[in-house]
Amino acid sequence: MNGQMMQQPLLISSLLVYAERHHGEQEIVSRRIEGDIHRYTYRDLAARSRRMANALAALGVQAGATVATLAWNGYRHMELYYAVSGSGSILHTLNPRLHPDQVVYIADHAEDQVLFFDLTFLPLVEAIASRVKTIRHFVVMTDRAHMPASKIDGLLCYEDLVDAQDDQFAWPSFDENSASSLCYTSGTTGNPKGVLYSHRSTLLHTYAAALPDALHCSAHDAVLPVVPMFHVNAWGLPYIACMVGAKLVFPGAALDGKSLHDLFEGERVTLSAGVPTVWQGLLAYVESNNLTFSTMKRTIIGGSACPPTMMRTFQEKYGVFVLHVWGMTEMSPLGTVCNFKARNLEQDSAERYAVQAKQGRVVFGVDMKVVDSLGKEIPWDGETSGELLVRGPWIVDRYFKGEGGNPLIDGWFPTGDVANIDVDGFMQITDRAKDVIKSGGEWISSIDIENVAVAHPAVAMAACIGIVHPKWDERPLLVVVRKPGAELAREQMLEFFDGKIAKWWTPDDVVFADTIPLGATGKMQKTKLRELYCAHRLPTV
Ligand code: AMP
């Protein structure tokens, strides 16, 4: 016998309808590309999203069509999140940090029909406009006064499109399994692959991610997502904020320490989110100017491992609790969050930091396991690592257009991460499978080595890679960027590892560099580093 409850599809538009009805007065603040600060409310967001939905219809965009954006975090981008998905089309958030050839490949692959872009990206759009095959309309996300001169024919103006429409629009109802948005993986090898989210997967992810033991978002929060809306939907925050009625603060293109800190303080931000490399810049600015965070209570750090020193600085010096999270584009993205269990609260500070260095416990909805090389599940002992597999209703089933064939193994998605899980269910990533250093048949975690290295006061950034070794297969090489003005010699760096990791994990050599290449989502590009240092001769050879 079936239950006798209403059948209402889980649709993204319902988040906006709720936010307008119950949090209509709540503010959304954006630092605009045009240079000023823009403020309006959820009520305005809803009305303008409906106008934009009418504009999309007027441009001939039909349900199921893909609409692309090349945009920073801002209110117009937020309007497109709802106007496009809400009207049954698919929002494709292009990553502007990719090479133009890759942007062309992705836009063609996705069959994008309209491209909305911020003024910043005009040069990129001009470089690709004549090459993309399916885009019919190019829209600059600005007003008439800021429209640029351009060689692109028939360039449209966002505010003109909005002004020309009525704000009456009834969000359509359709199957909750319909596609809502599309995001391509970073693709360090081969072409990027598309992950096509649905309304249902997005709503379920939103419910789970907002929970107290997950990101703990509420109407009391002012949320500033530094993580870009072009990278896995800014970790779901544009949806979560509507679900709970939180104030939203968008930083636009200005992601330097000063601009971010000014917004945190000026807008009384309580919660933020970003990759470790962004926080490095922010902390350096705050520390060197003797500033504090007067309202920020928590910050979500993920995308790559958060070094324990960064956690200590945030928590002990500034009173900002670090929520270490792990996820991937293929997971919408949230998989685990490192929130304590009751028994951790009884532990001493050293024990708690050891827990926080882990990537955390799964949120309800995600199931995970680690397996050995034969695919057999490894017990949760907190020590033995293997490949991490996941499953759940917001995890990819297959890539867009079937690229790469069936990615699943017996219904589980292999993440490509190497991890262990402890008795309490806390998962710790020890490496990306391709970054792990294989020395004499054993594995060395490059993340553990980097975490020790960045704890040295003279180190700004550190990356550890495996270098071919005739006896051990591979041995670790540490690439270090010193802090400006700091002095640090190879021997001092190596001595710093004494007693902190197993002796045989100590890098065989250290090289100093001016920078470490970062990828389109702010992660250290170890493939590039391996290419750069492939001829490096270790002193132990
Ligand atoms: P992306 O799909 O670009 O978001 O990348 C996902 C990958 O980033 C994961 O498979 C991990 O390798 C890595 N990652 C994400 N969060 C973390 C974290 N907290 N610690 C270590 N690696 C992470």
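The radius of gyration is taken over C-alpha atoms, and the globule rule is 2.2 Å times the number of residues to the power 0.38. The model is predicted: local features need pLDDT of at least 70 and side-chain atom pairs count only at pLDDT 80 or more, while totals for chains, interfaces and linings use all residues. Residues are numbered from 1 along each chain as its sequence is written, and side-chain values use heavy atoms, with hydrogens and water left out.

**Exercise 1. Overall form**

Compare the radius of gyration of the protein with that of a compact globule.

Solution. Step one: for 541 residues, the rule gives a compact globule a radius of gyration near 24 Å. Step two: the protein has 23 Å, which agrees. Step three: along the principal axes, its C-alpha atoms fill a box of roughly 70 × 65 × 50 Å. Step four: 58% of the 541 residues are buried, meaning under 20% relative accessible area with a 1.4 Å probe and protein chains only (exposed is over 50%, partly exposed in between).

**Exercise 2. The open sheet**

Determine the order of the nine strands in the open sheet and describe how they pair.

Solution. Step one: the protein has 16 helices and 25 strands; helices (H or I, at least four residues) and strands (E, at least two) are DSSP runs, numbered from the N terminus. Two strands pair if DSSP finds at least two bridges between them. Step two: the order is 2-1-11-10-12-13-14-15-16, with mixed pairing. Strand 2 (37-41) and strand 16 (361-362) are the edges, each pairing on one side only.

Step three: strand 1 (residues 27-31) runs antiparallel to strand 2, joined by five bridges, and Ser30 stands opposite His38. Step four: strand 10 (residues 222-225) pairs in the parallel sense with strand 11 (residues 247-250) over two bridges, where Ala222 faces Lys247. Strand 10 also pairs in the parallel sense with strand 12 (residues 271-274), over three bridges; here Val223 has Leu271 as its bridge partner. Step five: both faces of strand 10 are covered, with Ala222 and Leu224 buried on one side and Val223 and Pro225 on the other.

**Exercise 3. An enclosed helix**

Explain why helix 14 is largely enclosed by the rest of the structure.

Solution. Step one: the buried residues of helix 14 are Ser446, Ile447, Ile449, Glu450, Asn451, Val452 and Ala453. Step two: these are seven of the eight residues in the helix (residues 446-453), so the rest of the structure largely encloses it.

**Exercise 4. The ligand shell**

Step three: a polar contact is a pair of N or O atoms within 3.5 Å. An N or O atom in the side chain of Asp417 is 2.6 Å from a ligand oxygen. For Arg432, a polar side-chain atom lies 2.8 Å from an oxygen atom of the ligand. A ligand nitrogen is 3.3 Å from an N or O atom in the side chain of His324. Step four: the ligand taken alone exposes 500 Å², of which the protein buries 91%; such areas come from the Shrake-Rupley method with a 1.4 Å probe.

Methods:
Polar contact = N/O pair within 3.5 Å; in protein donor to acceptor, adjacent residues only side chain to side chain.
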